[in-house]
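This briefing is for a reader who is new to the structure. Please look over the sequence and the model before going through the points.

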Amino acid sequence: MNIKKRMVVPIIVGFLLIPLFSVLLQPDVKSGIRFAISATLCWFLYKGASWARWVMGVLCALGGLASAYFALAQSSSAAQFIFVVLMVFYLPSAFVLLTGAYLKVPPRL
């Protein structure tokens, strides 16, 4: 497994676990469609599609900013904790996907 895939696999796992928990907690059509779209994006990201990296990066950035906002707006500490966890996942993932610096393969010597 090359360095690109080693950086992307944890992001893919996180992107699949978050909607999977949503499906398990509240099984409905909307959650199933979200999981299917996430799985499709993750597949294309794993295959190396540049457009998938940008789409997931922008979605991560928006999700991280929304999580930060909702963490500050919540009065319940349990809800704040959940949003902080989401923010801690989404914002670094957005940085890795959008900068691309970590995804560049170093030259072999």
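Which helices each supply at least two residues of the lining of the largest pocket? Helix H1 (3–25), helix H2 (29–47), helix H3 (50–73) and helix H4 (77–99) each do. This is a predicted model, in which local features need pLDDT of at least 70 and side-chain atom pairs count only at pLDDT 80 or more, while totals for chains, interfaces and linings use all residues. Residues are numbered from 1 along each chain as its sequence is written, and side-chain values use heavy atoms, with hydrogens and water left out.

**Overall fold**

- The protein chain has four helices and zero strands; helices (H or I, at least four residues) and strands (E, at least two) are DSSP runs, numbered from the N terminus.
- Read from the N terminus, the order of elements is α-α-α-α.
- Of the 109 residues in the protein chain, 28% are buried (buried means under 20% relative accessible area, exposed over 50%, partly exposed in between, with a 1.4 Å probe and protein chains only).
- Contact means heavy atoms within 4.5 Å; among contacts between residues at least 6 apart in sequence, 57% join residues at least 24 apart.

**The largest pocket**

- A pocket is an open set of points on a 1 Å grid over the protein atoms alone, where a 1.4 Å probe fits, with protein on both sides within 12 Å along at least five of seven lines; lining residues have an atom within 4 Å of a point.
- The largest pocket holds about 520 Å³ of space, where a volume is the space filled by probe spheres set on the points, and grid points are joined across faces, edges and corners.
- Its lining has 18 residues, and Ile18, Pro19, Arg34, Leu86 and Tyr90 lie nearest the centre.
- H1 gives the largest share of this lining, six residues.
- By type, the lining has eleven nonpolar residues, six polar and one charged (Ala, Val, Leu, Ile, Met, Phe, Trp, Tyr, Cys and Pro count as nonpolar, Asp, Glu, Lys and Arg as charged, and the others, Gly among them, as polar).

**Aromatic pairs**

- Six aromatic pairs are found in the whole structure; rings of Phe, Tyr and Trp (its six-membered ring) pair if their centres lie within 6.5 Å, and planes under 30 degrees apart count as stacked, over 60 as edge-to-face and the rest as tilted.
- Phe15 and Phe89 make an edge-to-face pair, with 6.2 Å centre to centre and 65 degrees between the planes.
- That pair links distant parts of the chain, as Phe15 is in helix H1 and Phe89 in helix H4, 74 residues apart.
- Both Phe15 and Phe89 are buried.
- Phe15 also makes an edge-to-face pair with Tyr90, at 6.1 Å centre to centre and 65 degrees between the planes.
- Because Phe15 lies in helix H1 and Tyr90 in helix H4, this pair ties together parts 75 residues apart in sequence.
- Phe15, Phe89 and Tyr90 form one aromatic cluster.

- The 24 residues of H3 should span 34 Å at 1.5 Å a residue, which agrees with the 35 Å between its end C-alpha atoms (the expected span is 1.5 Å times one less than the number of residues).
- Buried residues in H3 include Ala52, Met56, Cys60 and Ser67.
- Ser67 counts as buried because its relative accessibility is 5%.
- Apart from neighbours within four places in sequence, Ser67 is in contact with Phe83, Leu86, Met87 and Tyr90.
- Gly48 is in the loop between H2 and H3 and counts as exposed at 56% relative accessibility.
- Gly48 and Lys5 are 8.7 Å apart in space, C-alpha to C-alpha, and 43 residues apart in sequence.
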